[in-house]
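This report examines selected features of one protein model. The sequence and structure are shown first, and the description follows.

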Amino acid sequence: MGGVTSTPLHSRPRPSLTIIGGGPGGYEAAMVAAKLGAQVTIVESKGMGGSAVLTDVVPSKTLIATADSMRRAGRAAGLGVDLGDRAAVADMPVVNRRLLDLASEQSRDIRRALERAGVRVVIGHGRLAGPTTVEAVTEDGTETIESENILLATGASPRELPTAMPDGERIFNWTQVYSLTEVPEHLIVVGSGVTGAEFASAYNQLGAKVSLVSSRDRVLPGGDPDAAAVLEDAFAEDGVNLVSKTRAESVERTENGVRVQLSGGRVLEGSHCLLAVGGIPNTADLGLEAAGVKLTDSGHIAVDGVSRTSAPGIYAAGDCTGVFALASVAAMQGRVAVAHLMGDAVKPFQPHLVSSNIFTSPEIATVGVTEAQVASGKYQADILKLDLATNARAKMQNVTHGFVKIFARKGSGTVIGGVVVAPRASELIYPIALAVSHKLHVDDLASTYTVYPSISGSISEAARRLHVYL
C-alpha cells in the first residue's frame with residue numbers, strides 16, 4: 001500500500017544559516033540549528049552573549065544580587081542577629097570588577113559551547129548585502145557570507161535624550177554605571193519602568209540616596225497595579241524619593257554633581273544621574289530596505305508568529321523586533337525561527353505564555369493574563385489575591401511586603417495568569433507558569449503538595465480559595 005513518507009531531519013541536505021547578533025536570540029538559535037544539522041555562522045561585534053550578557057542582563061542582575069545581600073544584612077537585626085557596629089559597606093570597585101568578570105566569563109562559555117557545536121563564530125559588524133548575503137566587517141577586512149537563511153538578532157541600545165547626554169562619569173545610561181568607583185551620594189534615576197525601578201532599588205539597597213523620576217502617577221505604569229503599589233510602599237519604607245507626574249527636560253553636570261531640570265520648573269540636584277528612558281532597536285545600517293525587510297512604525301523589524309520577516313528566508317528575534325524586551329523571549333523567538341526554517345515541529349510564539357520578572361526588592365513576577373485585560377473585558381476571570389502577611393515562612397524570614405495573585409477563567413477554573421510579589425518571585429512564578437502553559441485547573445494547583453512552611457504554600461492556598469468561585 002502507498003503512503004506518505006517523510007525524510008528525517010538528519011538525512012536531508014544541510015541547510016545554511018547566518019545569524020547577525022550573538023545575544024540570546026542569536027546564540028540560542030545557533031545552538032539549536034547546529035544540533036539539527038545546519039551549517040551555522042554567527043556574526044557578533046561585541047562578544048558572544050551580546051549586550052544581554054556583557055552590558056545588560058548579566059551585570060545588572062549580578063549587581064542586584066549584591067544589593068540583595070546588603071538588604072539581608074541590613075535587616076538581620078529583625079531576625080535577632082546582632083552585627084554590632086559592623087555595618088555592611090559596598091566596595092564598588094570590587095562589586096563592579098566581579099560583575100564584569102562574571103559577564104566576560106559567561107561570554108567565553110557561550111563562545112566555547114557554540115564552537116563545540118560546530119558553529120562558526122565571526123567577530124565583526126554584520127549587515128545584509130542582499131536576501132541571502134551578509135557582509136561582515138572584521139579586523140581583517142570585509143567577508144561575504146552566503147546562506148539560504150538569515151536571522152537578525154541585533155538587539156537594542158539605550159535611548160538617549162538630546163538634552164541629557166550620558167558622559168559615563170556623572171550622567172549614565174544603563175551600560176555605563178559599572179564604572180562607578182563608589183556608591184553615589186545621591187543618584188537621580190530618570191524613568192520608572194522596569195530598568196529604572198530595578199536600578200533605583202539596587203542602589204538604594206547599596207546605600208545611596210535615590211530619587212526616582214516618573215512621568216506617570218506611579219512606578220511600573222505598564223505593570224500590575226497591586227504590585228506597583230507594594231513596590232511604592234517598599235520604596236517609601238526604604239527612603240527612595242519618588243518624584244511622580246513630571247518629566248526630566250534636561251540633565252547637566254555641575255561642579256560636583258548633576259542638575260536635573262523637571263517639567264513645571266522644579267529642579268533636582270544630586271551627585272549622579274542614571275537615564276532609564278527605554279531602548280531603540282539596532283536596525284540602522286543593516287541593509288534592511290535593500291533586502292526587503294520591513295520595519296514597524298516604531299522602527300522595529302516586523303515579524304510573524306514564527307519569526308519570519310517580510311523577506312523570504314530572513315528571520316528576526318529579540319529586542320530588534322519589539323515583541324518583549326526579555327532575554328527569554330529573544331531565545332524563544334530564535335528557537336522558533338530555527339524550527340520553522342529547518343522544517344522541524346514548531347509552535348508559533350505565544351505572548352500570553354511569557355513569564356517575566358522585575359528584580360526589585362521585593363521581586364515582581366508575572367505570567368499570562370493581566371488585571372488590565374480582565375478589566376477591559378478581553379478576558380473573564382475570577383481573581384484571588386492572597387497577601388503574604390499570613391504566610392508562616394514569610395513571617396520567619398521577616399518578609400513584610402508581598403502577595404500571590406491567581407487569575408482563573410470564569411466558569412471553567414482554568415489558570416490563565418498570575419502575579420507573585422516576594423523575595424525570589426522569579427522562582428516562585430514557575431508553578432503558575434506551568435499551570436498557564438498546560439491549561440491546568442485551579443484544583444490541580446490546590447491538590448499538589450507543597451512544603452510547609454514555604455512561600456509557595458500561598459500559591460496552593462490561593463488556588464484552594466478560588467475553588468469556591470467555581
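## Helix 14 and its cover

In this predicted model, the buried residues of helix 14 are Gly457, Ser458, Ile459, Ser460, Ala462, Ala463 and Leu466. The helix spans residues 457-466 and is mostly covered, with seven of its 10 residues buried. An α-helix has 3.6 residues a turn, so residues three or four places apart point the same way. Among the buried residues of helix 14 are Ile459 and Ala463.

Which elements cover the buried residues of helix 14? The cover includes two strands, strand 21 (381-387) and strand 22. Helix 11, helix 12 (430-437) and helix 13 (442-446) also contribute to this cover.

## The nonpolar cores

The largest nonpolar core contains 44 residues. Within this core, the residues with the most contacts are Leu63, Phe199, Tyr203, Leu206 and Leu220. Both helices and strands build the core: helix 3, helix 4 (92-116), helix 5 and helix 6 each give two or more residues, as do strand 10 (186-190), strand 11 (209-213), strand 22 (403-409) and strand 23 (415-422). A second, separate core has 28 residues, including Val367, Leu384, Val420 and Ala446.

Leucine 275 is located in strand 16, which comprises residues 272-275. Its relative accessibility is 2%, and this residue therefore counts as buried, since the cut-off is under 20%. Leaving aside neighbours within four places in sequence, leucine 275 is in contact with Ala164, Pro166, Ile171, Phe172, Asn173, Trp174, Val190 and Val251. Valine 251 is 24 residues from leucine 275 in sequence, and their C-alpha atoms are 9.4 Å apart in space.

Is the charged residue glutamate 198 buried or exposed? Glutamate 198 belongs to helix 5, and it counts as buried because its relative accessibility of 6% is under 20%. Not counting residues up to four places away in sequence, glutamate 198 touches Lys61, Ile64, Asn357, Ile358, Phe359 and Thr360.

## The second largest pocket

The second largest pocket has a volume of about 810 Å³. Its lining consists of 34 residues, of which Asp68, Arg71, Arg72, Pro423 and Arg424 are the closest to the centre. By residue type, the lining divides into 13 nonpolar, 11 polar and 10 charged residues.

Which helix gives the largest share of this lining? Helix 3 does, with seven residues. At least two lining residues are supplied by each of helix 3 (57-74), helix 5 (194-205), helix 6 (225-238) and helix 11 (425-428).

## Cysteines

How many disulfides does the structure hold? The number is zero. Cysteine 273 is buried, with a relative accessible area of 0%. Cysteine 320 is likewise buried, and its relative accessible area is 0%.

Most residues other than glycine have a negative phi, and most peptide bonds are trans. Several places in this model depart from that pattern. Serine 361 and proline 362 are joined by a cis peptide bond, with omega about 5°. Proline 362 lies in the loop between strand 19 (355-358) and strand 20 (363-368). The peptide bond from tyrosine 452 to proline 453 is also cis, with omega near -5°, and proline 453 is found in the loop between helix 13 and helix 14.

Asparagine 398 is not a glycine, yet its phi is positive, at about 60°. This asparagine is placed in the loop between helix 10 (392-396) and strand 22. With 31% relative accessibility, asparagine 398 counts as partly exposed, because this value falls between the cut-offs of 20% and 50%. Lysine 439 also has a positive phi, near 55°, and lies in the loop between helix 12 and helix 13. The relative accessible area of lysine 439 is 64%, which is over 50%, so this residue is exposed.

Note on methods:
Residues are numbered from 1 along each chain as its sequence is written. This is a predicted model: local features need pLDDT of at least 70, side-chain atom pairs count only at pLDDT 80 or more; totals for chains, interfaces and linings use all residues. Side-chain values use heavy atoms; hydrogens and water are left out. On a 1 Å grid over the protein atoms alone, a cavity is a set of points where a 1.4 Å probe fits but cannot get out, and a pocket is an open set with protein on both sides within 12 Å along at least five of seven lines; lining residues have an atom within 4 Å of a point. Grid points are joined across faces, edges and corners, and a volume is the space filled by probe spheres set on the points. Helices (H or I, at least four residues) and strands (E, at least two) are DSSP runs, numbered from the N terminus. Ala, Val, Leu, Ile, Met, Phe, Trp, Tyr, Cys and Pro count as nonpolar, Asp, Glu, Lys and Arg as charged, and the others, Gly among them, as polar. A disulfide is a pair of cysteine sulfur atoms within 2.5 Å. Buried means under 20% relative accessible area, exposed over 50%, partly exposed in between (1.4 Å probe, protein chains only). A nonpolar core is a set of buried Ala, Val, Leu, Ile, Met, Phe, Trp, Tyr and Cys residues joined through side-chain atoms within 4.5 Å. Contact means heavy atoms within 4.5 Å.
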